[in-house]
Amino acid sequence: MEQFYQKIKMFCSKHSSGLNIIILGLFCYLFLFHNLGLYPLIDIDETRYVNMSRDMFFLKDYITPYLNFENFLEKPPLYFWLNVICYHIFNDTGVFVSRFATALTAAFSVFFTYFFASKVMQSKAYGLICAFVLLSSVWFLLLSHIAILDMGFMAFSSAAIYCAILSEFSKESNKKYCWYSAWFFMALSVLAKGLIGIIIPAMVVFLSFLAFRKVRELFKPVNIIPGIIIFLLVSMPWHVLIYKVHGMDWFNDYIVKHHFARFLDSSMGLGRKQPFLFYVPIVLAGIMPWTVSFIWQICRGIKSAAKNYRAAKSIKVWFTSDTNDKKTILFAVIYAVSTLLFFSVSSSKLPTYALAIFPALSLIIGYFWWGYVCFDKYTKNIKASSLITFVILIAAGILGAVLSYFPPASISEYIQKFQSFSEVTCIWFIVLPLIGCLCLIAKNRSLLFISNVIFMLGVMMITTVHLFPAITTFGQNELEEYSKMAAGDNKGAGLVTFGFAKKYSLMNDFDKKIIYIVDTAPGDIKALKEAISQKGRVYVIVKNDTYEYFKPKGLFNKLDTVKQSKKYILLVK
């Protein structure tokens, strides 16, 4: 038996690279692709971008994005192109296929993080740990299951940054290829998110090479001239073509309004103005279950930096990069801090923007856990932070169980909606941390790390099976039902919504332009009367309370009730 185990050990050691790829591929499937089509599209951003992708697929106009049969000029096209490619490959435009590109770019970022970390530290174990930290962070997981633009931007911008930094760890003959790849991925990040696709990679790479004291590397003709050519060949054709089609309308909407004005002018933030520290709690909560160990690592790093400064009497000691370890961590800190500051100073803030920071965080947290798992370093810190994490999770599980069975009257309705989710989650939040505690007692460092990963795998499974489907029952399911009823009318009816925000889930089945009247002000009431008075059959969706308020005033006298549900009512003329 001992000889058999030795053979297995030798085989694994000999084929470690291939086995790591297989393991990562398996976990990427379980984390990112399994149950991906189990729940409906979630309003508002997901339904908007998926419907835009479907419009591009059916209309076969790959230059101009459309939304509700109108030009939508504020976003670049790469996300929609990827979705269209998936629609062609699968010959389907369903929910799973519509999210496939998002999950694929998430998997790409996980594998690229593994490749980069393995290369710079010359350790496949470090690469694997960093990749799993990224893959199992809760914010990364949640956004990988929703069809939005930010995942593609994160994947391609981080790939551009990684390739540029890899030039520092490569042979001289290979450096130029790293730079060419960096320019290529930067072009893709521009097509994924716009000008920020240049700003973030250029900022991080410049500051990193400034800290490495190798700024001249950035401007070597052999690197920069072919790189710029590659960048222009990839990114410019669409920009030129859409400008030819829409001219200054596109320039003002895409460049002026949705890049510079939204970043600099809070009045253009479209309701997205937030405090300067807005992203700090999002990041700390988003890296769960690694949050406590990361905070511990920050405190340890600050203490070490202060000690080094007192010894050297100069801040130059903070920027030493004479070993691969120091250079990698210095780069990762610059990556995380500069990106965080950039989004923090913007006048327009959304929680999804924080995703761009997570590759850097995975390198920092991964270094901490790599030292513990492989070299028995940071033992006291890891044990203490893990114990705190497990206690918090167990306490949350117990509290959730109490609320599930003895809910306060104010939240009893919501508890009932999420009953199955809360029960399974409470059990998982208690059982897995207890297993983690056993790993601590047994001093099994590898299993302690794995228990965190498995915990998040369970959380993701529970979320996709129970939480996401329940979210869509808060009115979205009613809207989708009404949309199908209106779309099935053989008289080619129109559809109008009155008194609530635009809901793009209505577009999933309706193949005509929807008239959204979002307010109940006098001008909007007039617009509703005009919409109702148009020729032909017209369906109108309003909230129940809006209907009850305006019905006595005679606003809906010309309309008949088709169906009334818990939140909305469908009327028809």
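1. In this predicted model, helix 13 (residues 291-312) supplies the largest share of the positive surface patch, namely three residues. The patch as a whole is formed by Lys303, Lys307, Arg310, Lys313 and Lys380.

2. Lys380, one of the residues that form this positive patch, is placed in helix 16 (residues 379-405). Its relative accessibility is 71%; Lys380 therefore counts as exposed, because the cut-off for that class is over 50%.

3. Is Val453 buried or exposed? This residue belongs to helix 19, which covers residues 445-471. Val453 has a relative accessibility of 4% and so counts as buried, the limit for that class being under 20%.

4. The surroundings of Val453 deserve a separate comment. Leaving aside residues up to four places away in sequence, Val453 touches Phe27, Phe31, Phe132, Ser136 and Trp290.

5. Thr497 is found in strand 3 (residues 494-498). The relative accessible area of Thr497 is 0%, and this residue is therefore buried.

6. Which residues does Thr497 touch, not counting those up to four places away in sequence? The contacts are with Leu506, Ile514, Ile515, Tyr516, Ile517 and Ile541.

Terms used:
Residues are numbered from 1 along each chain as its sequence is written. This is a predicted model: local features need pLDDT of at least 70, side-chain atom pairs count only at pLDDT 80 or more; totals for chains, interfaces and linings use all residues. Side-chain values use heavy atoms; hydrogens and water are left out. Helices (H or I, at least four residues) and strands (E, at least two) are DSSP runs, numbered from the N terminus. Buried means under 20% relative accessible area, exposed over 50%, partly exposed in between (1.4 Å probe, protein chains only). Contact means heavy atoms within 4.5 Å. Patches are made of residues with over 30% relative accessible area and no salt bridge: like charges are joined within 9 Å, nonpolar side chains (Val, Leu, Ile, Met, Phe, Trp, Tyr) within 5 Å. Accessible areas come from the Shrake-Rupley method with a 1.4 Å probe; for residues, only the protein chains shown count as cover. A salt bridge is a side-chain nitrogen of Lys or Arg within 4 Å of a carboxyl oxygen of Asp or Glu. Lys and Arg count as positive and Asp and Glu as negative; His and the chain ends are not counted. The place of a charge is taken as NZ of Lys, CZ of Arg, CG of Asp or CD of Glu.
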